[in-house]
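Describe how the parts of this protein chain are arranged. Begin with the domains, then take the sheets and helices in turn.

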Amino acid sequence: MTDATPAAAPSTPRLRAALDAVPAYVPGRTAAGEVLWKASSNENPYPPLPGVLEAVGREVAAMNRYPDMTAGALVQELSRRFDVPPEHLATGTGSVGVLQQVVQATAGPGDEVVFAWRSFEAYPIVVGIAGATAVRVPLTATEEHDLDAMAEAITDRTRLVLVCSPNNPTGPAVRRAALERFLDRVPPDVLVVLDEAYREFVRDPEVPDGVELHRDRPGLCVLRTFSKAYGLAGLRVGFAVAHPPVAEALRKTAVPFGVSGPAQVAAIASLRSEEALAERVEALVQERARVVAALRAQGWDPPASEANFVWLRLGERTGEFAAACERAGVVVRPFAGEGARVTVAEPEANDAWLAVAATFVP
């Protein structure tokens with residue numbers, strides 16, 4: 001017999017310790033009450049493209065059935081639109097859903113994932129959930145990726161590198177020469193993801209199209225989304241373009257039936273409305289130029305954004321600026337102690353927050 005007292009049983013279920021270090025995703029606040037405009041989530045202010053609502057309306061009548069798990073019709077449409085073989089494509093619940101599939105396919109405990117910082121807020125979250133180690137490489141003084149430093153950060157534990165171009169939340173995109181030099185330095189067994197969620201808004205001719213770049217680079221995977229330019233943020237559909245071994249792995253790690261039937265038909269209808277898409281994107285690009293010109297006239301020096309948002313480096317005044325914008329009727333996305341990202345929204349919304357910005361010129 002023994003006098004030892006048995007240890008008390010845990011009072012709560014045991015969860016993975018790795019989750020303790022995972023930051024919570026902070027979404028852009030929704031407009032409510034006295035707030036008239038939402039400029040916090042990089043959404044498209046336009047309604048769905050022509051034909052989308054009709055296609056979704058027909059599809060929702062079958063919501064009692066599971067969607068096509070392979071998203072076969074959408075994959076065929078993407079294959080035609082981007083001139084890539086179907087086996088180079090994988091779909092998911094927005095580009096962030098596909099990103100999580102990528103991380104699950106490449107990295108786990110003991111592995112490292114390299115990315116710039118600050119960059120997309122979901123990166124450290126999906127890396128942490130996988131149990132991998134996030135290696136954050138600071139942006140340059142001009143809020144751009146430091147590709148040389150990122151290449152130096154790669155070790156024998158690195159399994160994945162994330163390049164956000166244009167970068168969320170600062171806006172600059174990576175140019176061809178620098179990106180190709182970087183890709184040439186990355187070991188062949190390390191996957192590079194080029195996250196092009198805002199590709200449609202790019203106007204700098206020196207910024208490469210990742211889909212074209214991937215064709216002769218088996219180690220490059222490109223992410224795209226229908227949430228931004230196409231205006232389908234609420235339906236959650238994105239895709240990856242990669243060589244067959246990578247694309248197959250992403251299909252394996254996808255949530256079964258993750259892309260709903262309405263999302264699939266909406267994406268197809270959007271791809272078939274390219275002319276209307278081009279008009280809307282160009283209007284937003286022109287509005288972006290107006291906003292940037294106004295900021296510079298006020299005395300700001302914002303980074304050269306190739307996305308549908310602008311970045312203001314405000315430091316400790318970030319929260320104060322966000323509160324002032326909210327009083328003016330606009331919700332923006334503050335990053336405490338760093339700066340604010342403001343979506344290029346309706347002209348009235350832009351005028352409202354620009355008036356606030358004029359009072360915060362550093």
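## Basis of the model

This is a predicted model, in which local features need pLDDT of at least 70, side-chain atom pairs count only at pLDDT 80 or more, and totals for chains, interfaces and linings use all residues. Residues are numbered from 1 along each chain as its sequence is written, and side-chain values use heavy atoms, with hydrogens and water left out.

## Domains

The domain assignment of the protein chain gives domain 1 as 22-47 + 273-358 and domain 2 as 50-272; such bounds come from an automatic or database domain assignment. The C-alpha centres of domain 1 and domain 2 lie 23 Å apart. To the contact (heavy atoms within 4.5 Å), domain 1 gives 31 residues and domain 2 gives 34 residues.

About 2,800 Å² is buried between domain 1 and domain 2, and carbon and sulfur atoms give 57% of this area. Buried area here is the accessible area (1.4 Å probe) that two parts lose on being put together, summed over both.

## The seven-stranded sheet

Helices (H or I, at least four residues) and strands (E, at least two) are DSSP runs, numbered from the N terminus. Two strands pair if DSSP finds at least two bridges between them. An open sheet of 7 strands has the order β2-β8-β7-β6-β5-β3-β4, with mixed pairing. β2 and β4 (133-138) are at the edges with a single partner strand each, so one side of each has no neighbour in the sheet. The twist averages 25° from one strand to the next; axes are lines fitted to C-alpha atoms, for helices over the stretch in contact, and angles run from 0 to 180 degrees between N-to-C directions.

β2 (residues 89-92) and β8 (residues 238-241) are antiparallel and share 4 bridges, with Thr-91 opposite Phe-239 in β8. Both faces of β2 are covered: Leu-89 and Thr-91 on one side, and Ala-90 and Gly-92 on the other, are all buried, buried meaning under 20% relative accessible area, exposed over 50%, and partly exposed in between (1.4 Å probe, protein chains only). β3 (residues 112-117) and β5 (residues 158-164) run parallel, joined by 4 bridges, and Val-113 stands opposite Leu-160 in β5.

Helix α3 (residues 94-106) lies across β2, β5, β6 (191-195), β7 (220-225) and β8, at about 155° to β7. Helix α6 (residues 176-185) touches β5, β6 and β7, and its direction makes about 160° with that of β6.

In helix α1 (residues 52-59), Val-52, Ala-55 and Val-56 are buried. Seen down the axis of α1, they fall within an arc of 95°, so they line one face of the helix; the arc is that of the directions from the helix axis to the C-beta atoms. These buried residues pack against α9 (261-271), while the face turned away carries the exposed Leu-53 and Arg-58.

A second open sheet has 3 strands in the order β9-β12-β11, with antiparallel pairing. Its twist averages 20° from one strand to the next. β11 and β12 are joined by 3 bridges, and Phe-335 has Gly-339 of β12 as its bridge partner.

The buried residues of helix α11 (residues 318-327) are Thr-318, Phe-321, Ala-322, Ala-324 and Cys-325. They cover an arc of only 160° around the axis, which puts them on the same side of α11. They pack against β9 (309-313), β10 (330-331), β11 (333-335), β12 (339-343) and α12 (347-357). α11 is followed by Gly-329, with a positive phi near 100°.
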